[in-house]
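Please read them with the structure open beside you.

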Amino acid sequence: MTKEPTNTPTDTPFWRFSLNFYRQAGVAEACIALQDDCGVDVNLMLFLLWVAGGGRQLSIDDIKELDAAVGDWRKATIIPIREIRRKLKAAPTIIEAGKQEALRTKVKAIELEAERLQQEALYNRSQSSPLGSKSDASSAARANLAAYERVLGARFPIATVDCLMDTFEAIKFYNFASP
């Protein structure tokens, strides 16, 4: 999530929001912790925050539907690619360390592209019809995170949610529609 927007036809407002949000202090660590400890699909969670920024609060059923829609993609691409990238990070192998790291960097780029494609699909879905119900952005963000927590049957650490919400509050009014 560190790549800069490219302003291509697939460079969506959601993608720009995600890149900006993810690079804020503490967010990457919070997202990875939720991913590893609670089973969060970070792209889906970012989507829930992005739609909240547009004043949309999703129901548990809405989130279940979105999770199901991206589930096959996540299982077939993102999770296996992430696992390969992580295994290459420090695994001693017969391959020289620099070459192994170069391969890991390429795998990381492929993982980022798989995430971007998932985000593009979620964005396209949001353009076909309004999702959820109208709400103020802050309430929608909290409600969307809480609903996702219930969908996963997990407990998100309060400090992690606070980090995400503080960041959301700080950037929610940025205009991600234009590059």
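1. Ser135 is in contact (heavy atoms within 4.5 Å) with Gly55, Arg56, Gln57 and Ala140, once its neighbours within four places in sequence are left aside. The residue sits in the loop between β2 (133-134) and α6 (137-152), where helices (H or I, at least four residues) and strands (E, at least two) are DSSP runs numbered from the N terminus. The side chains of Ser135 and Gln57 are joined by a polar contact of 3.5 Å, a term that denotes a pair of N or O atoms within 3.5 Å, of which, within protein, one must be able to donate a hydrogen and the other to accept it, while residues adjacent in sequence count only if both atoms are side-chain atoms.

2. The model is predicted, so that local features need pLDDT of at least 70 and side-chain atom pairs count only at pLDDT 80 or more, whereas totals for chains, interfaces and linings use all residues. Residues are numbered from 1 along each chain as its sequence is written, and side-chain values use heavy atoms, with hydrogens and water left out.

3. How do α1 and α3 cross? The axes of helix α1 (residues 13-22) and α3 come within 10 Å and cross at roughly 105°, axes being lines fitted to C-alpha atoms, for helices over the stretch in contact, with angles running from 0 to 180 degrees between N-to-C directions. That makes α1 roughly perpendicular to α3, a label for angles of 65 to 115 degrees. From α1 the contact includes Phe14, Phe17 and Phe21, and from α3 it includes Leu46, Phe47 and Trp50.

4. Helix α4 (residues 60-90) and α5 pack at an angle of about 170°, with axes 8 Å apart, which makes α4 roughly antiparallel to α5, the label for angles over 145 degrees. The residues of this contact divide into 14 nonpolar, three polar and nine charged; Ala, Val, Leu, Ile, Met, Phe, Trp, Tyr, Cys and Pro count as nonpolar, Asp, Glu, Lys and Arg as charged, and the others, Gly among them, as polar.

Technical notes:
Parallel < 35°, antiparallel > 145°, perpendicular 65-115°, else oblique.
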